[in-house]
Amino acid sequence: MARATRFTFDGGAATYVGTAILGALITVLTLGICYPFALVLTERWRCKHTYIDGQQLVFNGSAVGLFGRWILWLFLTIITLGVYLFWVGPRLQEWKTVNTDFASTKVPLASWGPSVLTTG
């Protein structure tokens, strides 16, 4: 399969802007405390519109699952005058990656080895 078709994205500007505005409002109105809810909202939108080898991604993370860690990270960032943000970024990316999966468990044909395709 050509590299250009392995990864596709079909999201549009209208839904992206709506999602981004809602996420920004959630974050600003709660002074950053409810940022996990905004993050989950945007990650679900991104995964809903992303396909790898024809398989749609799905985001399984929950804001409640991140909330406790986020409050700790926010506190540590405040007391270290922002220095702790260098550790928050990679931890957030790790959490997003661990909670991203394929929507179906179908194995793409391109990943099958020759032994699967032969009839013995």
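I took a salt bridge to be a side-chain nitrogen of Lys or Arg within 4 Å of a carboxyl oxygen of Asp or Glu. The model is predicted. I found 4 salt bridges in the structure.

**Entry: aspartate 53 and arginine 6**

I looked up this pair and got 3.0 Å, N to O, for the salt bridge between the side chains of aspartate 53 and arginine 6. Arginine 6 sits in helix 1 (residues 3–6), and aspartate 53 in the loop between strand 2 (50–52) and strand 3 (55–59), so the bridge ties together parts 47 residues apart in sequence. I then checked accessibility. Aspartate 53 is buried at 18% relative accessible area. Arginine 6 is partly exposed at 29%.

**Entry: glutamate 43 and arginine 46**

Next I looked at helix 3 (residues 35–48), where glutamate 43 and arginine 46 are 3 residues apart, about one helical turn. Their closest N and O atoms are 2.5 Å apart, and I noted a salt bridge. Arginine 46 is partly exposed, with a relative accessible area of 31%. For glutamate 43 I read 7%, which is buried.

**Entry: glutamate 43 and lysine 96**

Which side chain meets glutamate 43 in a salt bridge at 3.9 Å, N to O? I found lysine 96 there. Lysine 96 belongs to helix 5 (residues 85–98) and glutamate 43 to helix 3, so I logged a link between distant parts of the chain, 53 residues apart. Are glutamate 43 and lysine 96 buried or exposed? Both are buried.

**Entry: the network**

I put the last two pairs together. Glu43, Arg46 and Lys96 are linked in a network of salt bridges.

How values were computed: Residues numbered from 1 in each chain as written. Predicted model: local features only at pLDDT ≥ 70, side-chain atom pairs only at ≥ 80, totals over all residues. Heavy atoms only, no water. Helix = DSSP H or I, 4+ residues; strand = E, 2+ residues; numbered from the N terminus. Buried < 20%, exposed > 50% of the residue type's maximum accessible area, 1.4 Å probe, protein only.
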